[in-house]
Amino acid sequence: MLNGEKLTLGLESTCDETGAAIVAGKTQLLANVVATSMDEYARYGGIIPEIASRAHLESFLPVVSKALDEAGVKLADIDQIGVSAGPGLIGSLAVGIAGAKALAVATGKPLYGVNHVIGHLAVDQLVNGDLDLPAVGLVVSGGHTNLLLITDFAAPDGIRELGGTLDDASGEAFDKVGRVLGLPYPGGPHVDRMSREGNLGAIDFPRGLAGAKYAKTHPYDFSFSGLKTAVARYVSQLEATPEVRNRPDFTEDFVPAREGKPWLPVADICRGFSESVNDSLVSKTMRALTDFEAKTLVVGGGYSANSRLREWLTEECTSAGVTLRIPPLKFCTDNGAQIAAITAEIAGSIDPSRPDFSPVSALELTRVIV
């Protein structure tokens, strides 16, 4: 304990970040250390699970040791341990869980295998204090795009999944469009940056699951696969026109858009694509807030760093009298702080996980602990 507050060690290893964080009580972050293997995937254009698992093996002990040093505590001072149990890559999850179990056995401290996605929402409390409930949670990342109704993090039925993507996640769609346009990996941040240079309305792409028909059947669901295809088709059709093909600098070889495709309106394409994705996210989120009479919106996940999403939600929530809570950028990507936050939130109300619990790669979003 520290000044009478329990110390929670949170461990994260769902994908390409290895994280360890220490929280005192429920709101005081003492340390948050992250090691990433992102740079190793640039030449592949995506995550390689085997490389990710090996990276976690190499980083686990160093990040834990550094977190303890930064917090100024010893492992024996930790009161409880939380680790990502899912969703995520099965091999990456297994590494983190094995390490967490070893620490729990060595110290005799309780271990909680928690939901990584719910942690993306709980981490906001380390910055903005207790969350006013009920609240709507919007999780947006490379692997998830979901709307949740939160009434109690620790209650068995305290989290209800309202809807989610039927195909690509929002962050995943951004990365794929970046690849279509020849932008560096990961493409999402580059598409976001270039969209700010584009002209609003220059290119209008479709909105997935929009219109009266889907308002009844899929009121809170998303679809971005068709949008991604529409962007790819637009690029192909443009490059097939005589005006483009007869240019002296035209080539059919795949080259970076900024350097080798001056005929391609990359910024306008990014702007039109970004508007479509964020229009879907914002409109359905605001509908959920209205339908369930919630006055608080908490947003989490790597895609919550998107500048247009933050801007648009700020405008809409201010107009609707809704409190918008989005954690700082350092908490948007995967990190141990989110795991420590959700563990500290539920530890007093829920029993620790069974010693023999296993990773669950497709853990339901209504389950906070395994």
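This dialogue reads a few features of a predicted model.

Visitor: How many bridges join strand S4 to S5, and do the two run parallel or antiparallel?

Guide: Strand pairing is read from the bridges between two strands, and here 5 bridges join S4 (residues 80-86) to S5, the two running parallel.

Visitor: Is strand S5 mostly covered or uncovered?

Guide: Buried is taken as under 20% relative accessible area, and in S5 (residues 111-115) 5 of 5 residues are buried, so that the strand is mostly covered.

Visitor: What order do the strands have in the open sheet of 5 strands?

Guide: The order is S8-S7-S6-S9-S10, with mixed pairing. Strand S8 (159-164) and strand S10 (323-325) stand at the edges with a single partner strand each, and therefore one side of each has no neighbour in the sheet. On average, neighbouring strands of this sheet are turned by 20° against each other, direction ignored. Within the sheet, S6 (residues 135-140) and S7 (residues 145-150) pair in the antiparallel sense over 6 bridges, and glycine 137 stands opposite leucine 148 in S7.

Visitor: Which residues lie nearest the centre of the largest pocket?

Guide: The largest pocket holds about 980 Å³ of space and is lined by 36 residues, of which Met38, Ser141, Gly142, Gly143 and Asp175 lie nearest its centre. Helices H3 (116-122), H5 (170-180) and H6 (187-195) each give two or more residues to this lining, and H5 supplies the largest share, 6 residues.

Definitions and conventions. Residues are numbered from 1 along each chain as its sequence is written. This is a predicted model: local features need pLDDT of at least 70, side-chain atom pairs count only at pLDDT 80 or more; totals for chains, interfaces and linings use all residues. Side-chain values use heavy atoms; hydrogens and water are left out. Buried means under 20% relative accessible area, exposed over 50%, partly exposed in between (1.4 Å probe, protein chains only). Helices (H or I, at least four residues) and strands (E, at least two) are DSSP runs, numbered from the N terminus. Two strands pair if DSSP finds at least two bridges between them. Axes are lines fitted to C-alpha atoms, for helices over the stretch in contact, and angles run from 0 to 180 degrees between N-to-C directions. On a 1 Å grid over the protein atoms alone, a cavity is a set of points where a 1.4 Å probe fits but cannot get out, and a pocket is an open set with protein on both sides within 12 Å along at least five of seven lines; lining residues have an atom within 4 Å of a point. Grid points are joined across faces, edges and corners, and a volume is the space filled by probe spheres set on the points.
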